[in-house]
Every structure is written in structure tokens, then in C-alpha cells.
Amino acid sequence: MSGSGTPAAGLAGRFLVAAPSMPDERFQKSVVFICKHDEDGALGIIVNNRVEDLPLGQVYKQLGIEVPAAAAERPVLFGGPVEPSRGLVLHSADYKRDDTLVIGGGMALTASMEILKDMAGGAGPKQAWLALGHAGWQPGQLDHELQDNAWLVVDGDAALVFDTDFPAKWQRALDRLGSFGGRFDPASFSHQSGRA
């Protein structure tokens with residue numbers, strides 16, 4: 001049975017927000033949108049970290065795709081440390097190909113050159129990020145990290161995924177844990193859980 005027996009079963013479509021005590025510096029203050037989570041492991045895209053000095057237009061030029069003016073300066077995401085030279089497009093679910101992974105909540109993931117061509121030609125999804133690399137976990141690894149309080153889980157939504165205010169995303173995601181829409185204070189988080 002898919003995902004049975006794992007405490008973190010069914011995280012696709014949600015955010016993993018790095019806890020203030022995140023031990024892995026590659027993920028400190030990161031917000032990861034989970035695209036797939038099952039018995040084979042998990043895959044997500046960091047949505048608040050851009051590749052410096054690499055606009056989408058430059059990627060198009062390198063791939064020999066004509067650069068539309070609207071995309072020339074659009075940021076490219078650093079999606080995570082796994083396969084950093086591989087491009088994945090996290091996008092709204094209004095676009096679908098045979099190889100598209102529909103995530104739910106109006107989101108999808110496609111890893112093909114065709115989606116980039118369609119985006120350049122105006123036939124792509126309404127909203128999209130090209131991400132280089134992704135975050136990945138082996139079976140059971142993410143569950144272990146959650147039990148160690150390395151991550152906080154919050155509901156995902158397209159508005160936060162596609163927001164361009166990258167520095168504010170981590171706090172905005174944490175604020176979803178605050179009561180009555182209040183601000184979540186990272187200093188109040190204890191990385192110790194279940195201990196007296």
C-alpha cells in the first residue's frame with residue numbers, strides 16, 4: 001500500500017519549512033514544495049532560493065530557444081542539491097503533457113524541453129518556475145527528519161509558490177503556524193520534541 005505506515009505519508013502538495021534549528025546548511029531557511037511522496041521516497045522543489053545571475057532568458061539562449069521579452073529577466077530557482085544541472089518546471093496545472101506529474105492543489109511538475117518551448121511560445125502554463133535541481137529523500141529518510149524536527153509541515157498553495165519575494169517566503173510559510181493569522185516567532189520553536 002502506498003505510503004502506509006509512514007508518519008509523513010501524503011505530503012505531496014504541502015510545504016516543508018526548514019525549522020530554525022535545521023542542521024543541514026543547504027536547507028537553512030528553505031521552503032520546499034513537495035511534488036511526490038510515496039513508498040519510494042520524496043521529491044520537492046525549493047521555492048525560495050534563486051540561482052544568482054541566471055535569468056530564464058539566459059537559459060533559453062543556451063538551449064537555442066528564442067527568448068520572449070517577458071521571460072528574459074525571470075528568475076530561475078535553485079530547486080535543490082540533487083541533480084543541479086537538471087531542469088524541472090513547477091507549474092500551474094492548466095498545462096499537461098504525457099510526462100507531467102499532477103500534484104494536486106492546482107500544481108504540476110514537468111521535466112521536458114517541450115514545456116520550455118511552449119512557455120517561450122506563449123502556450124505554456126499560466127504560472128511556472130524553472131528549477132535547476134531538486135530536493136530528494138530515500139524511503140523513510142524524510143520521516144526520520146520530521147521526527148527529528150528538522151522540518152515543519154504547512155499547507156501548500158500556488159500564491160506562495162509563485163511569489164517573487166524570495167527573502168520573505170520562509171517567514172510567510174512559518175506564519176501559517178501562528179495562531180489566528182499571527183506572526184510565528186522562530187525563537188519560540190524548540191527542536192526538542194516529546195522530552196520533559
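**Exercise 1. Find which residue in E2 is the bridge partner of phenylalanine 15, and work out how E2 sits among its neighbours.**

Step 1. Look across to E2: the partner of phenylalanine 15 there is phenylalanine 33. Helices (H or I, at least four residues) and strands (E, at least two) are DSSP runs, numbered from the N terminus. This is a predicted model, where local features need pLDDT of at least 70 and side-chain atom pairs count only at pLDDT 80 or more, while totals for chains, interfaces and linings use all residues. Residues are numbered from 1 along each chain as its sequence is written, and side-chain values use heavy atoms, with hydrogens and water left out.

Step 2. Now step back to the strands. E1 and E2 pair in the antiparallel sense over three bridges (two strands pair if DSSP finds at least two bridges between them).

Step 3. Isoleucine 34 faces glycine 44 in E3, and E2 and E3 make a hairpin with two residues between them.

Step 4. Check burial. E2 is largely enclosed by the rest of the structure, because six of its eight residues are buried (buried means under 20% relative accessible area, exposed over 50%, partly exposed in between, with a 1.4 Å probe and protein chains only).

**Exercise 2. Describe the surroundings of serine 30.**

Step 1. With a relative accessible area of 4%, serine 30 is buried.

Step 2. Look for a polar partner. A polar atom of the serine 30 side chain lies 2.6 Å from the backbone oxygen of phenylalanine 27.

Step 3. Setting aside neighbours within four places in sequence, list what serine 30 is in contact with: Leu16, Val17, Ala18, Ile46, Asn48, Trp151 and Trp170 (contact means heavy atoms within 4.5 Å).

**Exercise 3. Show where histidine 91 sits and what stands opposite it.**

Step 1. Histidine 91 belongs to strand E5.

Step 2. Go through the partners of E5. E5 (residues 82-92) and E8 (residues 128-137) pair antiparallel over six bridges, and in E8 the bridge partner of histidine 91 is alanine 128. E5 also pairs antiparallel with E7 (residues 107-110), over four bridges, and there histidine 91 stands opposite alanine 108.

Step 3. Buried or exposed? Histidine 91 counts as buried, as its relative accessibility is 0%.

Step 4. The side chains of histidine 91 and threonine 110 make a polar contact (2.7 Å). That term covers a pair of N or O atoms within 3.5 Å; within protein, one must be able to donate a hydrogen and the other to accept it, and residues adjacent in sequence count only if both atoms are side-chain atoms.
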